[in-house]
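Look at the sequence and the model below before reading the points.

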Amino acid sequence: MARVETSSSRPYHLVIFGASGFTGQFVVEEVARTASEGPKGSLKWAVAGRSKQKLEKVLEQAAGALSKPELRAEVDIIVADVGEPDSLAAMCKQAVIVLNCVGPYRFYGEPVVKACVENGAHHIDISGEPQFLEGMQLNYSSQAAEKGVYIIGSCGFDSIPADMGVLYTRNQFKGTLTAVESFLTVSAGAEGGCIHDGTWQSAIYGFADSQKLQSLRRKFNHKPLPTAGTKLKRRGALFYSNELQQYSVPFMGSDPSVVKRTQRFLAEEYEATPVQYGAYAGIGGIGNIIKMLFAGMMFLFLVKFSFGRNLLIKYPEFFSFGMFSKAGPTRKQMEASSFQFTFYGEGYTEEQDTSQGKPNAKIRTRVQGPEAGYVATPIAMVQAALTLLNEAAAVPKKGGVYTPGAAFAKTTLVDRLNKHGFCEHLLICITGSENCGELHEMHLFLGKSTSAL
Ligand SMILES: NC(=O)c1ccc[n+]([C@@H]2O[C@H](COP(=O)([O-])OP(=O)(O)OC[C@H]3O[C@@H](n4cnc5c(N)ncnc54)[C@H](OP(=O)(O)O)[C@@H]3O)[C@@H](O)[C@H]2O)c1
């Protein structure tokens, strides 16, 4: 059986690897902010990366931002490089959990997972790259299980809101939930917003290599998941969403892959009815469609050639119409940004057979939170780690490679996220929970039409 130990032989509960990265610096701040939520009210932690000077600077900056000058002296620094396996092993031996912020994960992720498995450290990442996430599942599931190590991927904005949101929707539904569609919108303040270059690079290489994902999936030899209830129809590549009252497109991130893996795990492990899932994102009006078509066509063309990829990497702002930048968003932009997922679910009430006729009940839930990449992501990642540290009995018994939903379905992760939203930020607020003030929007419309929602 796996154990999540805060053993005295491991000096740190958490080691933040890649702490000097754009996202890593905010993970450092979030760990410092939530240290009292560790086991027995405290948390031992360190920062790690390949440059001691950069890590010192990150601690200095966090000390200033949080008015905690003690961080400079109290937080240890570990120098480790992905290219030096011994340094990774030494880092992993000291950690109960490695919070890995070094990406793109397709290039840098596997050696860290391997070192964690071999040296008995649990691993939490914020990858949104299905090829990396599924590849780790294929290659390390059995070794991680043998060692009692938990490798939990996609614990950031990709894909905690979607994965936990679908589970939350299923748990609130009185009957059998059979399908969910999610619609994502993001908003920014007067100064706009953008995403840091690190994610842009992960997306470029992910698209360039997308055929490999299909052959990787065949290696699992999975049987198709049984479909309960009416088959969920896929929407088009561009459509007007009555739900959002704006044009929408299929969501290109890791959410569909992660949710599907979670649903498969729950079906195989607990005989739960798998929920079919479709993910969409609102893009607004005609002006945005034109921009998106232009940028999308250019991206899909350039991403095929190494010359094109170099151009995309060199000029992120130009090729993404300012959506991605090398500098990343400012703190002011981050404070004014937010995201919102609305989940539209359908299914069958308790007395209704899922094999007879159409679904007879609908449900709508919502997950909303602050700026996705560098506020919500660090909170989600750190809360995932704290859940693993504090609720060892509620995660699956065996170690392995897990999605957030598979690892945390039976924990209080959603409550923890809600608590944080209520206390400090307008955060991942699953509507219907006690802490969401006037945002209660959880409805079960039995036999009513969606227009009522
Ligand atoms: N799930 C989500 O929603 C979400 C949100 C944000 C970010 N992300 C992902 O997180 C990853 C990081 O993004 P970012 O914007 O923070 O990127 P970034 O600023 O480029 O940070 C990359 C980090 O990796 C480190 N690194 C690179 N090569 C290394 C090596 N050989 N050994 C050790 N460390 C190495 C860098 O160290 P140096 O500082 O020394 O260069 C830096 O700390 C990306 O994959 C991104 O897609 C996901």
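P104 sits in the loop between β4 (95–100) and α5 (105–119). The peptide bond that leads from G103 into P104 is cis, its omega being near 0°. Helices here are DSSP runs of H or I with at least four residues, strands are runs of E with at least two, and both are numbered from the N terminus. This is a predicted model, in which local features need pLDDT of at least 70, side-chain atom pairs count only at pLDDT 80 or more, and totals for chains, interfaces and linings use all residues. Residues are numbered from 1 along each chain as its sequence is written.

- Most peptide bonds are trans, and most residues other than glycine have a negative phi.

**Another cis bond**
- The peptide bond from D158 to S159 is cis, with omega near 0°.
- S159 belongs to the loop between β6 (150–152) and α7 (160–172).

**Positive phi: K40**
- K40 is not a glycine, yet its phi is positive, near 55°.
- The loop between α1 (22–33) and β2 (45–49) holds K40.
- K40 is exposed, as 7 other C-beta atoms lie within 10 Å.

**Positive phi: F321**
- F321, also not a glycine, has a positive phi of about 55°.
- Its place is the loop between α13 (316–319) and β12 (324–325).
- F321 counts as exposed because it has 12 C-beta neighbours inside 10 Å.

How values were computed. A residue is buried if 20 or more other C-beta atoms lie within 10 Å of its own, exposed if 12 or fewer, and partly exposed in between; C-beta atoms are placed from the backbone.
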